Structures are given as C-alpha cells and as structure tokens.
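Hi everyone, thanks for making time today. I'd like to walk you through one model, piece by piece, so please have a look at it first.

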Amino acid sequence: MFINEAMEAAMIQVGVGLRSAHYEAAMTPAPIDFVEVHAENFFAEGGVTHDLLMSVAEQYKISLHGTSLGLGSLQPPPLSHLKKMKRLIDRCSPFLISDHACFSWSDDGNSAVHAGDLLPIRFDNETLQAMTNNIQRVQDLFGRQILIENISSYIAFEGSVIPETEFFNRLCDVTGCGLLLDLHNLYVNAHNAGAKQPLDNVLATLTALDPHIVKEIHLAGIHDMAQETWIDDHSGPVSSDTWITYADAIRRFGAVPTLIEWDTRLPAWSTLISEASTAASFAMRALENA
C-alpha cells in the first residue's frame, strides 16, 4: 500500500444506528467512530432524552438523521420544525446532518400537514426546483451542509423524466448539499423493479453519480431475501451483493463515512459492532486495490 493510500484508509469512519434497545450498551465505549440518531427523537429541550444524547456525545461523534423534513415536497417544511432541528444541531454539534429525498409535507388550506412517511418523488424539473429551494433554505438556517438520502420506492411515476442519478448530480451541484448514498435502497428498488441482474443495475448507478457528491454511505439488509417484494425494513445483515457494491463504491467515492443501519429484529449490540468492523475491513481492502 502506498503511504497516501494508508493514510486515507486510516481515515475511514464507520458507525452504527443507535436505537433505544441499545442505549445502555452504547454507554460502554465501542470500537466505532460515530453513531447515528434519529433527530426527531431528541427534539425535547430537556429531560431524559437530552441527558442521554449528551452522554452518547461524550463517547462518539453524532450523526443527526432526520426523517421528517420531506425536502422533496412542494410545500416547504414549517419554520417551527426547522427551528427545533437547529436547536438540536447547536446542542450536539453533529459531524453529519441528513434527511431524505422524499415527499412529506402538504397544505390542507389552513396549515402544513405531514404525511408521516417517506413518500417517493417525481424526478422532474418541478421537484428539482422545489428541492433546491427547500435545501437552500434549510442550509441557510442551519449554517451547515446537509446530506440527502436516496430512498426505497415501490412505485415509479410516469412523470419522472430525469434519471435519478442525474437528478442528484444536479441537485448537489446547485445547492452544495451532499448525497447520502444508501446502497441497500438501490438493491431494493432494482429487485422490486424486476431487474434480471440487480447487481449490474446498482453498479451502473454508482458509475453515473459524480464522485464528489457522495459524502456518506448507508448499509443495511433484510432478514428474508426470498420475498417477492423486498421491504426496506432494515431487519437483517448486509447481503453479499451489497458488500461487493460497497467495495466498488469506496473505490469510486473514497473513504466516506459509512453507517450500518439495523432498525427491526434488532440483534445484540455486539453484532452491530461486528458489522461495522466488517465494513471497515471491506473499505480498507478496497482502497488498497483502488
């Protein structure tokens, strides 16, 4: 390994999603670089959640992952909601801030209404402009770059006229935001669309993305890959094909921070840490062979 490659490999940061079942275990320092928390769970100004987050922040870097900004909505997220997020950012000084490329907000004629889910968007110029406006507003308020995650989608809109990769390339270039590339979501979408070779589809997606826009990677899995329809429930270990894709992504995008997501059928904390260790090993080998 050349010295510059060794230095880059040493800078790989790998973390895990922290869920309530693992709060106690996480208080004992583990060999990971960061934990991701869902921002909305910590919007309270004080109390137990505040103390918990501060305790976690003493052990690990914090990545704040929002689930409700709905930045692909034509209706922008309410200022009151953004202020809660800003207060949380100021409190815990996260090294990453992210949310999803999804539709969530609408207007019932009197007030903003949240759909309570991550709904898919049309990849067209109207949505691109709406997301551009929303992201610029949010980044101006936060004073920080945010990352936008590609989501799993179970329908395809006929009105989508821009390839998804081109959409994200343009969005990131115009706004200065980054892409949180969820490799598992790419597989879910390819499988559910009936792709004969999902691995080839996903690898082609990586090639079409501008390398400089990818600032984080999410890895996840499902417990039953024999299902006809895959549901993105983060219920299992990372699949072998996703590991292959991850190595290719690291070679293309560099040593970007990587997160292991596991939200349902939660394993032991030690299993998550082991998955994070596997990710670090894959990344380091990929960089050595880049």
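Buried here means under 20% relative accessible area, with exposed being over 50% and partly exposed in between, using a 1.4 Å probe and protein chains only. Strand 8 covers residues 178-182, and five of its five residues are buried. In general, side chains in a regular strand alternate between the two faces of the sheet.

A word on where this comes from: it is a predicted model, in which local features need pLDDT of at least 70 and side-chain atom pairs count only at pLDDT 80 or more, while totals for chains, interfaces and linings use all residues. Residues are numbered from 1 along each chain as its sequence is written, and side-chain values use heavy atoms, with hydrogens and water left out. Helices (H or I, at least four residues) and strands (E, at least two) are DSSP runs, numbered from the N terminus.

So how do the strands come together? Eight of them close into a barrel in the order 1-2-3-4-7-8-9-10, with parallel pairing. The twist from one strand to the next averages 30°. Two strands count as paired if DSSP finds at least two bridges between them. Strand 7 (residues 147-149) pairs with strand 8 in the parallel sense over three bridges, and Ile 148 stands opposite Leu 179 there.

Over to strand 2, residues 34-38, which runs parallel to strand 1 (residues 14-17) and is joined to that strand by three bridges. Val 16 stands opposite Val 35, and Gly 17 has Glu 36 as its bridge partner. On the other pairing, strand 2 and strand 3 are parallel over five bridges, with Ile 62 as the strand 3 partner of Val 35. Which residues of strand 2 are buried on each side? Phe 34, Glu 36 and His 38 are buried on one side, and Val 35 and Val 37 on the other.

Now the helices. Helix 4 (residues 79-92) has 14 residues and spans 20 Å from first C-alpha to last, close to the expected 20 Å at 1.5 Å a residue; that expected span is 1.5 Å times one less than the number of residues. Its buried residues are His 81, Leu 82, Met 85, Leu 88, Ile 89, Arg 91 and Cys 92. Among the elements covering them are helix 3 (47-59), strand 3 (61-65) and helix 5.

Helix 5 (residues 125-142) packs with helix 6 (residues 164-175) at an angle of about 35°, and their axes are 10 Å apart. Axes are lines fitted to C-alpha atoms, for helices over the stretch in contact, and angles run from 0 to 180 degrees between N-to-C directions. Residues in contact (heavy atoms within 4.5 Å) include Leu 128 and Met 131 in helix 5, and Phe 167 and Leu 171 in helix 6.

Last stop: Val 238, in the loop between strand 9 (214-219) and helix 9 (240-253). Why does Val 238 count as buried? Because its relative accessibility is 9%. Not counting residues up to four places away in sequence, Val 238 touches Leu 219, Ala 220, Trp 243, Ile 260 and Glu 275.
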